[in-house]
Amino acid sequence: MAKEKVTIQHIADALGISRNTASKALNGSGSIPDETRNKVIRKAIELKYKQFAFMESESLLTKSSNSRNIALLTENLPNTSHFGSTLISGLEKRISSEGYNLSIHIVRDIELESLSLPNNFDKSNVDGIVCIELFDLEYSRLITDLGIPTIFIDCSAHVCFPEFQADVLLMENEHSTYQLTKKLIEGGYKELGFIGDYNHCRSFNERWVGFNRALTEAGLELKLSQCVVDDDRLFSSKPGWMDERLGEMEKLPSVFICANDYIAISVIKALKNRNLSIPGDIVVCGFDNGPESVIVEPHLTTVHIYSNEMGVKAAEMLLSRIHDPNQPHQVSHIYTKPIFRESTPKLE
């Protein structure tokens with residue numbers, strides 16, 4: 001018998017609180033007392049609810065003012081399909097081995113617009129900051145201006161590194177996308193399109209650069225008419241949006257290189273809606289090697305991210321910064337690996 005999926009309602013029922021209160025506590029919204037929020041997170045970890053299944057029992061909790069605390073700031077807490085959930089697990093285990101706790105702070109739209117910190121963020125109780133899924137450049141500057149040791153795991157596409165007063169950790173994006181694109185070109189494909197907003201974040205931008213480098217070296221023209229590089233928010237704006245965008249193309253390319261697996265899977269669905277076969281009629285590639293990449297049919301060619309190792313490395317970079325705040329800032333990349341599956345043909 002299949003195990004029942006844990007929901008927010010299960011957490012609320014176990015604690016004797018409303019579903020709305022439990023939801024607000026998990027999402028960092030509303031004026032939820034720290035004590036209530038901690039109880040909800042502990043129960044989410046205990047019941048292995050979504051991304052909290054990766055956490056230890058004392059992770060992501062707001063601690064007393066005399067504890068050593070590292071704050072995680074994010075616009076969107078990564079779910080279990082996102083590489084960030086495993087990354088946070090590696091990060092939390094590494095900092096806890098040094099006696100630090102990890103607290104979580106959701107940055108809402110209202111705080112982005114007003115350039116204000118989350119209500120539950122206490123600067124005096126923070127030894128270091130980790131930013132993940134935080135791509136707004138002005139808000140990033142607000143964080144770096146606090147003068148607290150900070151690391152960004154991915155960052156705004158518009159960051160100017162010599163002036164950016166924080167360490168940055170990225171997965172290797174450019175060369176892996178370049179390798180993947182080059183391999184397809186060598187396999188005989190001459191019309192290739194890119195799908196994803198290359199201004200969404202630094203990693204997407206580097207993937208775009210790698211894609212274009214492969215085209216340039218092969219003497220192939222970039223055809224923007226065969227790309228979808230709209231604002232990232234539009235990609236999930238409404239059902240059928242990808243179908244509409246592909247339908248607007250006068251001619252589809254022979255290959256779509258997508259900025260991540262989520263986008264690639266939506267492209268595969270849209271192509272199937274047009275009765276096209278993958279890879280028979282068109283080849284599709286993603287990036288992330290998320291769980292869905294081996295669930296979708298055909299299985300998706302993608303790029304593997306060593307998420308747990310990134311979490312450990314991020315922790316070590318931040319701990320080093322805490323111990324020596326005046327050292328030069330670092331921009332580091334962690335190795336990634338292209339994985340060829342059934343959404344591309346077998347290539348020699």
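Leaving aside its neighbours within four places in sequence, which residues is Ser 176 in contact with?

Tutor: Happy to. First, a bit of background: this is a predicted model, where local features need pLDDT of at least 70, side-chain atom pairs count only at pLDDT 80 or more, and totals for chains, interfaces and linings use all residues. Residues are numbered from 1 along each chain as its sequence is written, and side-chain values use heavy atoms, with hydrogens and water left out.

Now to your question: setting aside those sequence neighbours, Ser 176 is in contact (heavy atoms within 4.5 Å) with Phe 287, Val 303, Thr 336 and Pro 338. You'll find Ser 176 in helix α7, residues 174-186; helices here are DSSP runs of H or I, at least four residues, and strands are runs of E, at least two, numbered from the N terminus. Ser 176 is buried, with a relative accessible area of 1%. Buried means under 20% relative accessible area, exposed over 50%, and partly exposed in between, with a 1.4 Å probe and protein chains only.

Let's stay with α7 and β7 (255-258), because each supplies at least two residues of the lining of the largest cavity; a cavity is a set of points, on a 1 Å grid over the protein atoms alone, where a 1.4 Å probe fits but cannot get out, and lining residues have an atom within 4 Å of a point. The lining is made up of Thr 177, Leu 180, Ile 257, Cys 258, Gly 286, Phe 287 and Val 303. So Phe 287 and Val 303 turn up both in this lining and among the contacts of Ser 176, whose cut-off is heavy atoms within 4.5 Å. The largest cavity has a volume of about 30 Å³, a volume being the space filled by probe spheres set on the points, which are joined across faces, edges and corners.

Technical notes
1 Å grid on protein atoms, 1.4 Å probe; cavity = no way out; pocket = protein on both sides within 12 Å on 5 of 7 lines; lining within 4 Å.
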